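Here is a friendly walk through one protein model, meant for someone opening it up now. Have the sequence and the 3D view at hand as you read.

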Amino acid sequence: MTESVVRALYGKAKSLNLSSKKINVVPECVSRLPNLSVLLLKNNSISALPNELLYLHHLVELNLGNNALKELPAVLGHLESLKKLYLFSNQITAVPPDVIDGLQNLVVLNLNHNHIRRLPPEIKSLTRLRHLSVLDNKLEEVPAELGHLTSLTEINFTSNHLPSLPVQLYQCKELTKLHVARNKLTSLPEGIKALTKLQVLDVAGNKLSMFPVEFDSLPLKELYHEDNRFVRCEPMSSVQDVEVLMLKELAARFVLQQDRDMSSLVHRMLPYYPPLPELLANGSCCALCLNPFLTTWLECVHFVSVNKETKIRSSKTIPVRAFLCSYKCFNTEGHSYYGVARK
Ligand SMILES: [Zn+2]
């Protein structure tokens, strides 16, 4: 091991590979290699890093995979030039906000196979991050601030304990691969069609009952969805009486309808009542008659055949959520939307 460092010192090395050298402690002389841009320390027994590493002002890639770290060493927060950081297969339980704050140039962050329960909201400062991988940890939630990471192209949260994903995830519009298999997801947030570049989605091994509205508009090339709790198509007949809408809903539907007409008085006046457009932004439209509604709807499902070009391991027909505006629409004949009966 010493031999490698000595050779590196003489050669003004830009990269140093001390992987699989049975190291417990990183030799201090490593910090005297100011030109170092790649430092590989994987497959050792390192449990701490010397503070002197902060002198590595040009370090771009640091691999500490398969070591004995119990936390993210504080010195990492000073390595501002780091672009790739690998910390897989350690015993890390927490990601301290101040370390994350100092890693603003990070492009790849790999925290696979650790014991992390949560990511701090400060993760929002990693605005250049493209690959985030926290596979096989103990994540119980994902912070809404993930939505600030608009450069992300790949996220891997496979094998965690996530009961849900934040809707802000859909602000990561560059996302091409989303792996959330083997969690506890009961649904995906509405609005997924915002991920217009998503090519790979792995939701296998969750508790999903259906996919969100307009899921079938995604340009997916691969979809993995086996081992969920999808609703099956077992039609039962049911007759529903027409419901009576509350005044607020009736008014909202009228305003939403009028607002579609650019020349209407309502459309022109709305900007003068700031809380209203914000409130009405939550409105949606009926899958059948296309009329708008605000908060009262019927949750339905339709069964969609996945695009032939999409690679898929199980059923090609998937249940996708749809909203209808009223029982009047639901009771009309000739459509393929089913009400959902939960046993
Ligand atoms: Zn309708």
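Start with N228: its side chain reaches the backbone oxygen of V203 at 3.1 Å. Keep in mind as you look around that this is a predicted model.

To find N228 in the view, go to the loop between β10 (222–224) and α3 (247–259). Is N228 buried or exposed? Its relative accessibility is 18%, and buried means under 20%, so N228 counts as buried. Setting aside residues up to four places away in sequence, N228 touches V203, A204, G205, N206, K207 and L208.

Now hop over to another asparagine. N160 sits in the loop between β7 and β8 (177–179), and with 4% relative accessibility it is buried too. Here a polar atom of the N160 side chain lies 3.3 Å from a backbone nitrogen, that of N137. The residues N160 touches, not counting those up to four places away in sequence, are V134, L135, D136, N137, K138, L139, R182 and N183.

Strand β7 itself covers residues 154–156, and E154 belongs to it. What does E154 touch beyond its neighbours within four places in sequence? The list is R130, H131, L132, L175, T176 and K177. E154 is partly exposed, at 27% relative accessibility. For a sense of distance, E154 and N43 are 111 residues apart in sequence, and their C-alpha atoms are 25 Å apart in space.

| Residue | Relative accessibility | Class |
|---|---|---|
| N160 | 4% | buried |
| N228 | 18% | buried |
| F303 | 25% | partly exposed |
| E154 | 27% | partly exposed |
| Y338 | 32% | partly exposed |

On to the aromatic rings. How many aromatic pairs does the structure hold? There are four. A pair of aromatic rings is described by the distance of the centres and the angle of the planes. For F303 and Y338, the ring centres are 5.9 Å apart and the planes meet at 65°. Planes over 60 degrees apart count as edge-to-face, so that is the label for this pair. The two residues come from distant parts of the chain: F303 is in strand β13 (residues 298–305) and Y338 in strand β16 (residues 338–339), 35 residues apart. Elsewhere, ring pairs join F211, F215 and F230 into a cluster.

Last stop: the second largest pocket, which holds about 290 Å³ of space. It is lined by 14 residues, and those closest to its centre are V213, E214, S284, C285 and R321. Two elements give two or more residues to the lining, β11 (284–285) and β15 (317–324). Which of the elements gives the most to this lining? That is β15, with three residues. By type, the lining of this pocket splits into six nonpolar, three polar and five charged residues.

Notes: Residues numbered from 1 in each chain as written. Predicted model: local features only at pLDDT ≥ 70, side-chain atom pairs only at ≥ 80, totals over all residues. Heavy atoms only, no water. Phe/Tyr/Trp six-rings, centres within 6.5 Å; stacked < 30°, edge-to-face > 60°. Helix = DSSP H or I, 4+ residues; strand = E, 2+ residues; numbered from the N terminus. Buried < 20%, exposed > 50% of the residue type's maximum accessible area, 1.4 Å probe, protein only. Polar contact = N/O pair within 3.5 Å; in protein donor to acceptor, adjacent residues only side chain to side chain. Contact = heavy atoms within 4.5 Å. 1 Å grid on protein atoms, 1.4 Å probe; cavity = no way out; pocket = protein on both sides within 12 Å on 5 of 7 lines; lining within 4 Å. Points joined across faces, edges and corners; volume = space filled by probe spheres on them. Nonpolar A, V, L, I, M, F, W, Y, C, P; charged D, E, K, R; others polar.
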